[in-house]
Amino acid sequence: MVFLGLAFKSLISRRGSVVLTCLAMTVSIFVILGVEHIRTQAKESFYNTVSGADLIVGARTGSANLLLYSVFRIGSATNNVSWESYSDITADDRVKWAIPISLGDSHKGYRVMGTTLSYFEHYSYGKKRNLKFANGKPFHDLFDVVLGSQVAKNLGYGIGDQITLAHGIGKTSFSMHDDKPFRISGILAPTGTPVDQTLHVSLQGIEAIHLDWQPGSRKSGPEVNSLVQEDLAIKSVTAFILGLKSRMTTFEVQREINEFSQEPLLAILPGVALAELWEMINILEGVLQLISYLILFSALLGLAAMLLASMREREQEIKLFRAIGASPSFLFVLIQVEALIICGSSILIGSACLLLGLGVTKEKLSANFGLYVEANIFSTNSVLLLSLVVIATVAVASIPSLGAYKQARSVT
Amino acid sequence: MTVNIENLRYAYDKKGNETLLDIPRWNIAKGEKVLLHGPSGGGKSTLLNLISGILRSSEGKLEVMGERLDKMNERERDRFRANNVGYVFQSFNLFPFLNAYENVDLSLYFSQDAKPKGSKQEIENLLSELNLSKSDCAKPIRKLSIGQQQRVAIARSLIKKPGLLIADEPTSSLDEENRNQFMSVLLDLINEQDTTLLFVSHDLSLRPHFNRAEALAGINQGKTI
């Protein structure tokens, strides 16, 4: 207590330089914790996006691109997969289930995905968790839509509300499917994946809104009431996810799809593609980590320099401490405690700022970057990292502490 | 005997070539008040640091209050000083980031042996005896006058009732009125506690307050730097 009280009051008396040092440490701890938190959260969220799927199939392109547009709803497909090819492949005995994905439309910046009821039954994320409904039920009518949790929350929609889809994926669109509004039939529970940012409609619904369209613009076509089943025949899908009866057949089916004769297709293993994609980001992750460590190192050096510079002005103070019976070790510990108070305050302020920052930007990160970040920054990793910061502080503060120790021993 | 020195030598370098102090024999009796004077650089502060145990002698016998400081290690000397020796300097007698009360209390923290129960009351009584009001005691040190600061310094050094009080030119920065007030308060408390006083000053007009006055040159055969 004596050490804490003395160190605290001593720091207060030198508040100018102490506040600046504390600020530098706070910024570095904010950066190092932020980078670490976003890195681990992004990785977790990334790997949790899809699970239980054996293959993802789309038109031939790069595996990263297929993964990005089919799972993360980022970018666009190079081509569609014909319904015939989809039907042929999913009819295979080795296929247990299939989820078709049809993309291309949007609603106020959120992607619309055409699919079947199989999606709600088989799509899983995280540790094989299935989709659950927070409200309502899957689409059963042609113009029913199921919203991801974030879409409903951010746009303030509820069950029974009517919405209009837009042609294309731009945030602002002048081509609206406003003649065929959709009714919200269900809202999914939060998943922390791109599902939360997606509007789900039936494949027939997608076909229906495009019946009176030709690429890029509307032309005259049948009215909603006059639609017949033949009009709604599915012609193509953007991609599809496959679940196989036996994992043993995965490579075999993958090879056959990649050598499919009717059209050029690509089948990817989601786990492998996710790992490959993460590897590409890994370099950036490493650079960010390195930068944050360098920032911390420079802040620690600043702390040591501030304490070391104060030694000269504290020469008389050290002499007085010695005169009243303080040992050189007492002075060594006192300087260490001062450094630890600065470090501790910086950790508290830095963590608080990060918590606040994440709370404020959480929604924007998920809406703009598909990054689902938990506001809770305290994990084993972050505690370990903060422990390392404390150890580094003790190590760096040893320089001025030893200075005080030596000065105390050579008082004349 | 409070201080007993025999063949004391102190040199700055380890080889002992630069001998600053070489005192064949010097004593201060218990309760005695000694004024030590001499030119700057003569080794007065070094002698005080040796007697208080901050420095260790190179050779010879140095006994303070019956304890052989020359035989003690640094930790033992620190403990001895905290419990038995009070120290007042010319300036910077107090920690500027603590108030008067905290400064006195900190001195007691290091002299655990001397810390009596109910020391809070004792600190308040002593500060009050030195004409320091409660509000003055709660003020930051920088807000007190030089005279008040020196009185807090006396309280800080005498609260643990040391056997020996070392004062290193404590009146140099005081005007005549404050100096007389300081000496009066100090000597009253010294007499009350039966504390031995070793007082260093250039000001020989203070001579009447002491049992004897000694010039360092008279007892030291070492080299003046």
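A:Ser70 belongs to helix α3 of chain A, which covers residues 63-70. The model described here is predicted.

Is A:Ser70 buried or exposed? A:Ser70 has a relative accessible area of 1%. Because the cut-off for a buried residue is under 20%, A:Ser70 counts as buried.

The side chain of A:Ser70 comes to 2.6 Å from the backbone oxygen of A:Leu66. Leaving aside residues up to four places away in sequence, A:Ser70 is in contact with A:Ile56, A:Ile101 and A:Ala239.

Strand β3 of chain A spans residues 95-107. Of its 13 residues, eleven are buried, so the strand is largely enclosed by the rest of the structure.

Which strand pairs with β3(A) over six bridges? That partner is β16 of chain A, residues 239-244, and the pairing is antiparallel. Within this pairing, A:Leu242 of β16(A) stands opposite A:Ala98.

Strand β4 of chain A, residues 110-115, is also an antiparallel partner of β3(A), with four bridges. A:His107 has A:Tyr110 in β4(A) as its bridge partner. The two strands make a hairpin with two residues between them. In the turn, A:Lys108 has a positive phi of about 50°.

A further antiparallel pairing links β3(A) to strand β10 of chain A, residues 166-167, through two bridges.

## The parallel sheet of chain B

Chain B contains an open sheet of five strands, with parallel pairing, in the order β6-β7-β8-β3-β9. Why do β6 and β9 each have one side without a neighbour in the sheet? Strands β6 (85-88) and β9 (212-215) of chain B stand at the edges and each has a single partner strand, so one side of each lacks a neighbour in the sheet. From one strand to the next, the twist averages 20°.

Strand β3 of chain B, residues 33-37, runs parallel to strand β8 of chain B, residues 196-200, and four bridges join the two. One of the residue pairs is B:Leu35 with B:Phe199 of β8(B).

## Helices on the sheet of chain B

Helix α7 of chain B, residues 176-193, packs on the sheet and touches β3, β6, β7 and β8 of chain B. The direction of helix α7 makes about 155° with that of β8(B).

Helix α2 of chain B, residues 74-84, lies across β6 and β7 (164-168) of chain B. Helix α2 runs at about 75° to β6(B).

Terms used. Residues numbered from 1 in each chain as written. Chains lettered and ligands numbered in written order. Predicted model: local features only at pLDDT ≥ 70, side-chain atom pairs only at ≥ 80, totals over all residues. Heavy atoms only, no water. Buried < 20%, exposed > 50% of the residue type's maximum accessible area, 1.4 Å probe, protein only. Polar contact = N/O pair within 3.5 Å; in protein donor to acceptor, adjacent residues only side chain to side chain. Contact = heavy atoms within 4.5 Å. Pairing = 2+ DSSP bridges. Axes fitted to C-alpha atoms, helices over the stretch in contact; angles between N-to-C directions.
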